[in-house]
Amino acid sequence: MKAIIVERFGGAERLKFGEFPKPQLQEHEILVEIQCTSVNPVDWKIREGLLSKVFPTRFPYIPGWDASGIVVECGAKTKKFKKGDRIFSYCRKSEVHEGTYAEYISIEEKHVALMPSSLSFAEAAAIPLVGLTAWQSLFDIGNLKANQTILIVGGSGGVGSMAIQFAKHAGATVYTTASQVHHAYVKKLGAEKVIDYQKDNVQEKIKEWEPEGVDVILDLVGGHALQECYLLVKKHGRLISIVEKPAVFQHIHTDYAFGTPSGQELQKIATLIDQGKIVPPKISILSLEKAAEAQEEVKAGHTEGKIVLAVKNQP
């Protein structure tokens, strides 16, 4: 099958278009003909070897963990899906080897959900990793409730695009940070107030709006932005980062979140989308052969929404 292949750690030039063996189907897996995949920051971090201690890598490997596609074969012990089903999935495996920048992938049935019927393959491919990361951070870890307040640090990317909507749908008051060019986008998604981190003081703005601090902070940036957050959480509130493990801090709960595959939670997200309560992130579409260009753009850190790679020709 055609795929993007990485033979050793390094820069974007390590991404090569070539041939790779088609996956072998296991009894609890389904084989998916991938229509689209999407690019996430974790993709370039793995490629550069920055996460080799976290995610074992077997070379040569295919990058990518998001997929939308069509079921072409079902393992002997699968029950939920049939040939021809349109599905999407967060396809992370126990080692980095067979990814989604390819024509096919085999994936455990429990990680798969039916695609929202209202979406294209390109739109659906943008959702699994960021959607599950946002959902699990806010609700499984952050325990976000109606009438609470939340600050989402870095709201215009993929996880932020979903987190803003989930928090708004849950009945929370949503604040976020974004550069000025992205303000209209995050407000459209449901952010009540937006801080331009390039010119405004984030701490001053939050203290002006919420003198006692916010109930929950979801940090999507890390570094200095995370350091600013510790004094902005209400006593006994929660600070969650998806970038780095927060320090232990007096009177607040701190957690690190890394989204895990879950077909069950992904199906809940699909239902909200088909009900018109949530929309997919804004997407730009490139061909699979332009994976290197796409990863470099994501690495630059200014993407609004998601970059999708079309594995099959998309309208």
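This is a predicted model: local features need pLDDT of at least 70, side-chain atom pairs count only at pLDDT 80 or more; totals for chains, interfaces and linings use all residues.
The largest nonpolar core has 88 residues. Within this core, Ile150 and Ile269 have the most contacts. The core draws on two domains: at least three residues come from domain 1 (1–127 + 280–308), and at least three come from domain 2 (141–254). Leaving aside residues up to four places away in sequence, Ile269 touches Ile127, Gly131, Leu132, Trp135, Met162 and Phe166. There is also a second, separate core, with 17 residues. Among them are Leu151, Leu232, Leu239 and Ile252.

Helix 9 spans residues 291–300. Four of its residues, Ala291, Ala294, Gln295 and Val298, are buried. These four lie on the same side of helix 9, because they cover an arc of only 95 degrees around the axis. The general rule is simple: an α-helix has 3.6 residues a turn, so residues three or four places apart point the same way. Several elements cover the buried residues of helix 9. They include strand 1 (2–5), strand 3 (29–39) and helix 1 (41–47). Strand 14 (283–287) and strand 15 (306–310) also contribute to this cover. Just after helix 9 comes Gly301, which takes a positive phi of about 85 degrees.

Terms used. Residues are numbered from 1 along each chain as its sequence is written. Side-chain values use heavy atoms; hydrogens and water are left out. Buried means under 20% relative accessible area, exposed over 50%, partly exposed in between (1.4 Å probe, protein chains only). Helices (H or I, at least four residues) and strands (E, at least two) are DSSP runs, numbered from the N terminus. The arc is that of the directions from the helix axis to the C-beta atoms. Contact means heavy atoms within 4.5 Å. A nonpolar core is a set of buried Ala, Val, Leu, Ile, Met, Phe, Trp, Tyr and Cys residues joined through side-chain atoms within 4.5 Å. Domain bounds come from an automatic or database domain assignment.
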